[in-house]
Structures are given as structure tokens and as C-alpha cells.
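Thanks for coming, everyone. I'll walk you through one structure, stop by stop.

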Amino acid sequence: MKRILPLLLIIACLGIIGCGRKKEPLLEASRGLEIGFKENVTSLDPRLGLTRPSNIVIRMLFEGLMRMNEQGQLVPGLAERYEVSEDRLTYTFYIRSCHWSNGDPVTAHDFEFAWKRSIEPSSAQSGCSVFYPIKNVSRCVEGKAKIEEVGIKALTDRILVVELEHPAPYFLELTTTTFFSPVPRRVVQENKDWANGIDGNFVSSGPFRLRSWKRGSQMKLDRNPFYWNTDNVHISDISIKILPYEYDYLQLYEQHKLDWVGQPLTTISSEVIEKLQHVEHQTSVGLLAYFCNVDSYPLNNKHLRKALAYGINRKTIADYIFYAGGTPAQSLLNPLLREGDKEVYFQDNDAAKAALYLRIALNELGMDLGDLPEIVLSYPNTQLQSRVAHEIQKQWKQNLGIVVKLDPMDKPRFFDMVLKGEHQIASTMWKGILLNPIHLLETMGSTLGTNVLTYWEDPEFAKLIEQIRCETNPQKAQKLIGTAEAYLIEEMPIIPICFGSVCFSKNEHLKNVYVSPLFNVDFSQAYFLEEEQMRRVR
């Protein structure tokens, strides 16, 4: 590295690495993609567009240091290559010669600016906790360290150095998420509303760029001619319609005016699924779970939480309610995230143990069942969530004699309530952002202070996570992961219900689309087969 660094500095000073605005190249014509969302896109700023469908569009428009290819493998994105220090605490990224959609060069300074903008107390957003593995970030967010002390530094236009607080085996994968996307420093500094319109200020770094945006109605993207890998992007443009009613989806899809219906672009009901001729189900890490606020009495009692967990018949829910191919969850980690063969930590619908834990809980609380305070189950008012909530309300009444009040609400109000910690039990489809068990356990266990869904923290669990981070032997690390998961199950701040799947139907001519187990979709390598080609394939 000592030899490489001076050479790169010299090349950068000589201007051999392109640093001027690039002219727009001409692209060959190809076919466009027609898709739709139920909800509006709220922002195209990677810091702000954290929920669907905004983050779906942001993934089309932006690329980070690393990316996932069409096989789901981690590969370089805007970083041409990287180096990791022996202690796994320092990452050095070498930015490839690439450009924003306006022709300006993408630089390491754009990454530094974007990341620091996400964590600086004056501008930090709710997603800033994903940066906590980086040195001094948590202290900076809390106002205990200056932004200059954070471990993010652009040495040149092409070299970005990142220092971590602790070893994080998932850090490279983190850089594929929208949180870690660069933003154009010059454009942002000149116009604070750069990401909210199409007045010529919006620019992006990914395979597509924004052409038009009629809020609440439609969006139009087209292939970004300045994208470093644009020669391998075959979709000419993407037209996005906002369709609040799912039967509009079905009608347009049947008329071949939409190329995709269903997840991960939008949820669809069982009634619509039954009307589709060709439905695809792909395995996902989505976990429908009930998050118990341990600061809320009487859910601070772990035996009451375990009684509720053991008193659920998950097979009934998976077979009759999870129309998109659910499976009972008797663990927290999806089988996709584990290498060991232990996938069951407790028995489903174990009425005897549920009754035992309830007796222990009531004894510890010093009350009879009739004196148990009201428990409220809150959930987003979707078809799936509502059906599951009503079924579990019935099961808890039958199996435990516990009456639970249901509290459905629209998504914005639900998430606002949860972030404020005003819930008792919150139901959510937990998808995570990485295919990594360590990151998922960290988040669930709140060792990074991110789990506002349960407020559960435990020093012994934190020690386990620290051991996993520092363990270099894969077999030993996997064993520690199993121990940590078992610890969470014993404490039961999170009650797993069912693992979901990604359910959709698409144009049969549309090929090479990567649908991630994390409910992400990538059209950057997709293409359409023409009718004659389809006949040959058949």
C-alpha cells in the first residue's frame, strides 16, 4: 500500500484519472419497463427515503462502493477495489473513474460528505445508527465527538479510508445499502432541495437517472449514460405508475400494460394472487414478529413474554393466513442466515409450557389472571397483519385466558408511535438490511442502540456479540451465533411468528432480474426476450 499511495497521488495531480465533466454518450435503443407502486415516493435523498417505495427507486438511481450482482454476490460498485488491514479495523477504498448523471466525476469526497451528513447531529436522520460500526460515529451523534474525529476520510478524489470502532464482518455488505450511497457534494451545497424535484439539480450515480416526476401520479427513469457499467444495462427506461388500488394493478397487468405485480414492489392480497396465472415464490429473510416493549408493564416480565410466545399456533397461521408461502418461525434467524442445522429453539403451540410460564409470571407479578393489566397489540392495518392479529388474539384467549386489545393503524402513525416507544406489542415484518446473522442479532439485541422496538438490552448478550465480532474462526463464530440466538429466545423480547417469502408475477419475457431475500429488486442487468427468442427457448 505504501508504494501504491504515492503513485495514485501523482496520477491524480497530473489529471490522468479523469476529473472533468464528461460528455453524454449515445446509447442504443432498447425496451422499457412498466411497473407500479401503491404508495407515493416521498424523497430521493438516500438519507431520507428509507421506506418503500422510496428506497426501491433510490436503489435504481444510486450505487455505492459495493453492490450485489444478479447472483446475489458481493462485488465492487463505484469502488474499483478495496484493502482491509490485518486487524480488520481499516478499510481503504479506491474509487473507479465514474461520473454522476450530469457528467461530473464521482469522488471519495462525495462519499465522505454524504456519510458525515447522515451522522452530523444537525442533519442526522433516523437511519444514522447503521453507521455506528465506524469509529466515533455513535459519540458524534450523541454530541460527544466532533465530526472531524469520525473515521471517514477522503485522502484524494480516488481514495477513501474508513476506520471502524470494532471488527464488523458485514461492513462491506453495509456499503451496498442506500444509507451508504454517495451524494453530489457540489450540487447539495448549492441547492438543499436537490433531491425533491427535476429542475436540473437532481443527479444520481446508479444505472438509471430521473427524467420526470409527477408527484402522486407517475415517475419516469431512463438509462444513465454516465453510469460506469452502462453498456451492460439493457432496460432503456422505467415507467412507474402510482396505483392506490390493487385491482388497477391486476387489470393493467392482464392488459400487458404492467410488467410486474406483487412484491417487492408492493404487497398484494390473496384475492389478487388467486387471479394470477403464473406466481413465483422466492425465499426471503422476512420475519413477521411481535416486538415486546420491555419498558411497558407487565411485558417487562420475561415469563409472560414466553407464555405469549409458546401459546401461538404458527402452523395454522402459516397454512391458512400466509398466502405468500409462510413457514412457522421457531427461531429468530432465518435458515438462509445459518450454517448450523439447529432451526428450532422451541416447540410450536406448546400449550403446557405456555401455561407453566404464565403461572410463573403471575406469581412473580403477584396477581391473579383476572388482575393482569390490559395488553395492547398494535399493527399496520394491512390485510395480512389484520388476519394474523385476529387469529393470535383468539389463540391467546383460548390457550391462556389472556384478552388482548387490537390497535390497527395506518403505517405512518404506527411507525411514529413505535419510534416514540408508546407501544406494548408491535407487529412488523422484520426484513433487515443485510444477509448477515451478526448484524441481525446486533440490531435485535440493541447493542448498537437501534432496537427501539423492544428497548431490551443485556450486558451478557453484548459480550456475546463482541466475541462474535472478534472471532476469526468461522466454525467458532457460528457456534457463538447460535449461543446468542438461544440467549435472545430465552429472554424473548421478540416473539417470532412466521418467515415469509417474496411473492410476485412478472412478464414472462423479462429475464435476469435479481430479487433479493431482503425484499430488494435489481433491474440493472435485466432484459426482455423477444417473441422469436422465447419460442427458441421453449
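This is a predicted model: local features need pLDDT of at least 70, side-chain atom pairs count only at pLDDT 80 or more; totals for chains, interfaces and linings use all residues.

**A walk through the model**

Which of its residues are buried? They are Ala-354, Tyr-357, Leu-358, Ala-361, Leu-362 and Leu-365. Look down the helix axis and these buried residues fall within an arc of 135°, so they line one face of H11. An α-helix has 3.6 residues a turn, so residues three or four places apart point the same way.

What does that buried face pack against? Two helices: H9, residues 302-310, and H12, residues 383-400.

Next, a length check. H11 covers residues 351-365, which is 15 residues. At 1.5 Å a residue it should span 21 Å, and its end C-alpha atoms are 21 Å apart, so the two agree. Just after H11 comes Gly-366, with a positive phi of about 70°.

Buried or exposed, or in between? Asn-349 has 34% relative accessibility, so it counts as partly exposed.

There is another such asparagine. Asn-136 has a phi near 70°, again positive in a residue other than glycine. You'll find Asn-136 in the loop between H3 and helix H4, residues 137-141. At 12% relative accessibility, Asn-136 counts as buried, because the cut-off is under 20%. For context, most residues other than glycine have a negative phi, and most peptide bonds are trans.

One joins Arg-52 and Pro-53, with omega about 5°. Pro-53 is in the loop between strand E1 (33-37) and helix H2 (54-61). Another cis bond joins Tyr-297 and Pro-298, also with omega about 5°. Pro-298 is in the loop between E12 and H9.

Stay in that loop. Ser-296 lies there too, between strand E12 (280-292) and H9. At 14% relative accessibility, Ser-296 counts as buried. What does Ser-296 touch, leaving aside residues up to four places away in sequence? His-423 and Gln-424. Then look at Ile-375. It is 79 residues from Ser-296 along the chain, yet their C-alpha atoms are separated by 9.6 Å.

Now the sheet. Four strands form an open sheet, in the order E4-E5-E7-E6, with antiparallel pairing. Strands E4 (79-84) and E6 (152-154) stand at the edges. Each has a single partner strand, so one side of each is left without a neighbour in the sheet. Neighbouring strands are turned by 20° against each other on average, ignoring direction.

Zoom in on E4. Five bridges join E4 to E5, residues 90-95, and the two run antiparallel. Tyr-82 stands opposite Phe-93 in E5. Helix H3 packs on this sheet, touching E5, E6 and E7 (159-163). The direction of H3 makes about 155° with that of E6.

Last stop, on H3 itself. Ser-118 lies in this helix, which covers residues 108-119. At 6% relative accessibility, Ser-118 counts as buried. Where does its side chain reach? To the backbone oxygen of Ala-114, at 3.1 Å.

That's the tour. Questions, please.

Methods
Residues are numbered from 1 along each chain as its sequence is written. Side-chain values use heavy atoms; hydrogens and water are left out. The expected span of a helix is 1.5 Å times one less than its number of residues. Buried means under 20% relative accessible area, exposed over 50%, partly exposed in between (1.4 Å probe, protein chains only). The arc is that of the directions from the helix axis to the C-beta atoms. Contact means heavy atoms within 4.5 Å. A polar contact is a pair of N or O atoms within 3.5 Å; within protein, one must be able to donate a hydrogen and the other to accept it, and residues adjacent in sequence count only if both atoms are side-chain atoms. Two strands pair if DSSP finds at least two bridges between them. Axes are lines fitted to C-alpha atoms, for helices over the stretch in contact, and angles run from 0 to 180 degrees between N-to-C directions.
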